[in-house]
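Visitor: Please take me through one part of this model in close detail. I would like to start with a pair of packed helices and then move on to the backbone.

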Amino acid sequence: MKKILSGFMVFITFAACGCAQNPPVFDGARAFAILEKQCEFGARVPGTPAHQKCRDYLITALRGYADQVTTQEFLHTFGKPPQSARATNIIANFQPARRDRVLLCAHWDCRHICDEDPDPKKRTLPVMGANDGASGVAVLLEIARLLKARPPRQGVDIVLFDAEDQGMQGDDRSYARGSQYFARHVEPTYHPRYGILLDMIGDKDLLIYQEAFSVQMARPIVDKVWAAAQRLGISEFVPQVGYAVFDDHVPLLERGIACIDVIDFDYPHWHTSHDTPDKCSAASLEKVGRVVVEVLYNP
Ligand SMILES: [Zn+2]
């Protein structure tokens with residue numbers, strides 16, 4: 001009798017210590033509501049009221065979860081003819097005193113033109129960016145909620161980059177301006193263990209190949225993330241190399257941060273007027289969210 005009781009006590013102690021074996025539950029429906037919320041503001045193109053409103057919403061939401069939220073403001077010039085607007089990177093730190101850190105990031109701006117639209121008349125319209133912008137942010141905001149509810153062993157930094165998507169074709173450096181700015185201004189002592197960038201991960205028809213720059217420069221992190229997907233039986237993460245994409249992770253890789261890009265680049269509505277919430281799904285956001293949570297909580 002005594003022996004059984006002490007075994008039971010050990011179990012109770014273990015269960016209460018917080019070193020949980022099961023990661024917290026990522027809620028795809030909540031994430032999808034955050035995707036829709038961003039789109040309700042309109043296309044979040046720098047310099048527009050929609051951009052300003054969404055910026056305020058994201059800062060307020062993150063302040064509810066993170067220990068510290070700061071911004072990086074810079075002037076961003078883009079388009080033809082060139083226009084200038086204020087751009088804002090939003091940085092949320094969880095457990096900022098911890099040295100052992102992980103970086104999670106996404107871009108929150110929308111492209112100013114639908115230059116890939118099949119209808120030439122629509123090519124001057126801005127992109128709604130349900131997938132290209134809002135999807136990554138939605139997953140990270142839902143993860144922020146989980147980070148507050150159950151802090152993992154390591155500190156986490158969520159960075160939402162602005163000015164990713166206003167570039168000109170053929171000029172890579174005109175893209176990813178927010179992450180270029182971040183890479184130039186981040187403290188030299190900042191060395192997260194790894195980074196995960198989420199971009200275009202909301203497509204209903206989800207299929208995520210490994211991104212080529214990530215494989216080339218941060219292979220162990222790619223393997224870690226795809227292994228987590230495999231453990232969860234999420235077969236939409238295909239363990240084969242797909243496209244090479246100049247995205248926000250490249251300036252970070254150049255700065256020595258092992259950040260990979262999780263991106264589903266086979267999206268027929270990319271940079272068109274059809275990148276709207278109905279092309280995305282809660283199920284896809286949930287799959288990606290569960291993989292990131294698995295990586296964070298079962299390192
Ligand atoms: Zn884009």
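Guide: Helix α6 (residues 212-232) packs with helix α8 (residues 282-297) at an angle of about 110°, and their axes are 9 Å apart. This is a predicted model: local features need pLDDT of at least 70, side-chain atom pairs count only at pLDDT 80 or more, and totals for chains, interfaces and linings use all residues. Residues are numbered from 1 along each chain as its sequence is written.

Some terms first. Helices (H or I, at least four residues) and strands (E, at least two) are DSSP runs, numbered from the N terminus. Axes are lines fitted to C-alpha atoms, for helices over the stretch in contact, and angles run from 0 to 180 degrees between N-to-C directions.

α6 and α8 are therefore roughly perpendicular to each other (under 35 degrees is roughly parallel, over 145 roughly antiparallel, 65 to 115 roughly perpendicular, the rest oblique). Their crossing is right-handed (the near helix is turned clockwise from the far one by less than a right angle; anticlockwise is left-handed). From α6, Lys224, Val225, Ala228, Ala229, Arg231 and Leu232 meet Arg290, Val291, Glu294 and Val295 of α8. Contact here means C-beta atoms, placed from the backbone, within 7 Å. By class, the contact of α6 with α8 holds six nonpolar, no polar and four charged residues. Ala, Val, Leu, Ile, Met, Phe, Trp, Tyr, Cys and Pro count as nonpolar, Asp, Glu, Lys and Arg as charged, and the others, Gly among them, as polar.

Now α2 (residues 28-40) and α4 (residues 130-149). These helices pack at about 135°, with axes 8 Å apart. α2 and α4 are therefore oblique to each other. The contact of α2 with α4 has eleven nonpolar, two polar and two charged residues. Phe32 and Leu35 are among the α2 residues that take part.

Next, the backbone. Most residues other than glycine have a negative phi, and most peptide bonds are trans. Ala163 has a positive phi of about 55°. Ala163 sits in the loop between β4 (155-161) and α5 (177-185). With 29 C-beta neighbours inside 10 Å, Ala163 counts as buried (20 or more other C-beta atoms within 10 Å is buried, 12 or fewer exposed, in between partly exposed). Ala176 also lies in the loop between β4 and α5. Ala176 has a positive phi of about 55°. Ala176 is buried, with 25 other C-beta atoms within 10 Å.

Last, a cis bond. The peptide bond from Lys80 to Pro81 is cis, with omega near -5°. Pro81 is in the loop between β1 (68-78) and β2 (83-94).

Note on methods: Contact = placed C-beta atoms within 7 Å.
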